[in-house]
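Please keep the sequence and the 3D view at hand while reading.

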Amino acid sequence: MIYKKKKILVTGASGFIGSNLLKFLNRKKFFVTGISNSHNNNYSIKSLSLFSKKKITQYLHEHNFDFVIHLGASVDELDSINTLKKNCQTTLNLLNACADAKIKNFIYTSSHTVYDSSHYLPIDENHPLNPTTNYSLSKLINENFCELFSEHDINFTILRISSVYGNDQKERFVIPTLINSCILQDDLVVHKYKNGFQIMDLVHVDDVCSSIELACNSKQKFGIYNIASGKPVTAFQIAKYLKGLSGTNSIKIKKIQKNTNHFIYDISKAKRELKFKPKIWVSKKILKSLLSNFENRLS
């Protein structure tokens, strides 16, 4: 693990991964500071906009961070220009500030959505790219920014993170959606496509936090890594687990007359170079914990 007295800055610290990462690093006694553009009531997270290049540069100079972990991003798909501006301009400001303040290590959390629809499985880091949303396009643009700034004596680690799950996740994601259905609607609806139930590679937020910590050990000048569980699961499998745990009446299969994209990731490079080893997989045990967490939030 990284030396305990290294100073770490986490952007997007009030988000799902960011809030979990702060807790994770604090438990390990690192000197970690979080910043967020959004208003929050967490005293450990400073409100600081990455749109202000001057302020972020001054802040980095004042604190002399050893690592910057950049999580902050907008997922808004309604306004393409604004989303690209938010995600790309703020990242560019942060990179310029890091170069000015002579920050040595930068970890960028990208997304598996930068890949094209699967040409082969499992998907490795050399798979063709083709982002299809404003969010995923901004992630790829920012990866390119990172590569350009590697000439400024900054070490870059880019993590292409698969679909993440864990406690307190927003309901628009697959597991919270299924849990919400079985608790509030007493029915589980699962889509079956022309090419079967979608095969997914879901990664627990604790494993994501672990991968970010391990990335701080990387000796690479510039490296890109898939971060996933490496194990396939379908919504139908998840629904069967939840049905047994919750006493839900039935699983309803809705047939969709089109193909879906299956995604499983090759994580051998992350295992080899970062020593990344996922410890949590979608199982009856982990879903029981997530189900309990959801019920507690309702009560």
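## Helix α5

Helix α5 covers residues 174–185, and its 12 residues reach 16 Å from the first C-alpha to the last. That is close to the 16 Å expected at 1.5 Å a residue, where the expected span is 1.5 Å times one less than the number of residues. Helices here are DSSP runs of H or I with at least four residues, strands are runs of E with at least two, and both are numbered from the N terminus. The model is predicted: local features need pLDDT of at least 70, side-chain atom pairs count only at pLDDT 80 or more, and totals for chains, interfaces and linings use all residues. Residues are numbered from 1 along each chain as its sequence is written, and side-chain values use heavy atoms, with hydrogens and water left out.

The buried residues of α5 are Ile175, Pro176, Leu178, Ile179, Asn180, Ser181 and Cys182. Buried means under 20% relative accessible area, exposed means over 50%, and partly exposed lies in between (1.4 Å probe, protein chains only). The buried residues of α5 pack against the strands β7 (163–165), β8 (188–192) and β10, and against the helices α7 (235–246) and α9 (284–298). Contact means heavy atoms within 4.5 Å. After α5 comes Asp186, with a positive phi near 60 degrees.

## Strand β1 and its partners

Strand β1 (residues 7–11) is largely enclosed by the rest of the structure, because 4 of its 5 residues are buried. Two strands pair if DSSP finds at least two bridges between them. With strand β2 (residues 31–36), β1 pairs in the parallel sense over 5 bridges, and Lys7 stands opposite Phe31 in β2. With strand β4 (residues 67–70), β1 again pairs in the parallel sense, over 4 bridges; here Thr11 stands opposite His70.

β1, helix α1 (residues 16–27) and β2 make a right-handed β-α-β unit. A crossover is right-handed if, with the strands pointing away from the viewer, the path from the first strand over the helix to the second runs clockwise.

Ser136 lies in helix α4 (residues 134–149) and counts as buried because its relative accessibility is 1%. Not counting residues up to four places away in sequence, Ser136 touches Thr113, Val114 and Pro131. Ser211 is found in helix α6 (residues 205–215) and is buried, with a relative accessible area of 0%. Leaving aside neighbours within four places in sequence, the contacts of Ser211 are Leu159, Ile227 and Phe276.

His204 belongs to strand β10 (residues 202–204) and counts as buried at 6% relative accessibility. Apart from residues up to four places away in sequence, His204 touches Val164, Tyr165, Gly166, Ile280 and Ile286.

## Backbone exceptions in loops

Most residues other than glycine have a negative phi, and most peptide bonds are trans. The peptide bond from Leu121 to Pro122 is cis, with omega near -5 degrees. Pro122 is found in the loop between β5 (105–111) and α4.

Asn64 has a positive phi near 50 degrees and lies in the loop between α2 (53–63) and β4. At 55% relative accessibility, Asn64 counts as exposed. Asp153 has a positive phi near 60 degrees and is found in the loop between α4 and β6 (155–161). With a relative accessible area of 46%, Asp153 is partly exposed.

## The whole chain

The protein has 9 helices and 13 strands. Its radius of gyration is 20 Å, close to the 19 Å that the globule rule gives for 299 residues, so the protein is as compact as a globular protein of that length. The radius is taken over C-alpha atoms, and the globule rule is 2.2 Å times the number of residues to the power 0.38. Along the principal axes, the C-alpha atoms fill a box of roughly 60 × 45 × 40 Å.

Of the 299 residues, 48% are buried. Among contacts with a separation of 6 or more, 79% come from residues 24 or more positions apart. The protein exposes about 14900 Å², and carbon and sulfur atoms supply 50% of it. Accessible areas come from the Shrake-Rupley method with a 1.4 Å probe; for residues, only the protein chains shown count as cover.
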